[in-house]
Amino acid sequence: MKVKKNNFTENEISKALKIYNYFIENSFSNFEEKKLSKLTFNLLLKKIKNNKLPFILAIEDNKVIGLAFVNKFREKSGYRFSYEHSIYVDPDFINNGYGNNILKELVKICRKIKKIKNLIAVIGGKDNFASIKIHKKNGFQYIGTIEKAGFKKNKWVDSIYMQKRL
């Protein structure tokens with residue numbers, strides 16, 4: 001697996017969007033309720049780049065198999081050293097260690113960005129064992145659960161918070 005950080009092709013962006021939208025439609029790991037349009041996804045990418053934060057694609061055999069990005073944790077200035085990250089792996093490649101490898105690469109990149117002092121994982125659902133496991137494996141500590149933080153598909157979903165200090 002290689003990681004691509006910049007200059008994505010239209011095809012790569014389209015594949016990343018497809019993966020992202022899959023998790024909107026088929027899981028509780030993303031609290032969006034409606035698929036993102038290509039325009040909205042490109043605006044998200046632009047916002048992350050403008051904030052000089054990482055947005056990476058995981059590539060295997062010239063195919064996008066996953067994506068990860070970092071965004072502000074909260075908008076208030078006092079949170080300026082804490083950032084939330086998101087990781088999504090193509091469902092055809094889940095349970096092959098890619099999520100762990102992507103997270104490891106993302107942490108490595110974040111360590112080089114001086115303004116990032118805390119990485120926060122906001123994991124949708126207490127039964128999202130794979131995500132919890134890879135975060136523990138990468139040194140994230142459980143810091144709490146907000147019960148019924150999200151509502152999606154007529155179901156209340158907890159948010160698990162994990163933190164890694166860089």
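Asn62 is exposed, at a relative accessible area of 73% (exposed is over 50%, buried under 20%, partly exposed in between, with a 1.4 Å probe and protein chains only). Before I go on: this is a predicted model, where local features need pLDDT of at least 70, side-chain atom pairs count only at pLDDT 80 or more, and totals for chains, interfaces and linings use all residues. Residues are numbered from 1 along each chain as its sequence is written, and side-chain values use heavy atoms, with hydrogens and water left out.

So, Asn62. It isn't a glycine, yet its phi is positive, about 65°. Most residues other than glycine have a negative phi. Asn62 sits in the loop between strand E2 (55–60) and strand E3 (63–72); strands are DSSP runs of E, at least two residues, and helices are runs of H or I, at least four, numbered from the N terminus.

Lys153 is also a non-glycine with a positive phi, about 55°. You'll find Lys153 in the loop between strand E6 (141–152) and strand E7 (155–165), and it's partly exposed at 45% relative accessibility.

Now a residue in helix H1 (residues 10–26): Asn21. Buried or exposed? Asn21 is buried, at 7%. Neighbours within four places in sequence aside, Asn21 contacts Lys35 and Leu36, contact being heavy atoms within 4.5 Å.

Zooming out, the chain has 4 helices and 7 strands, in the order β-α-α-β-β-β-α-β-α-β-β. Buried residues make up 46% of the 166.
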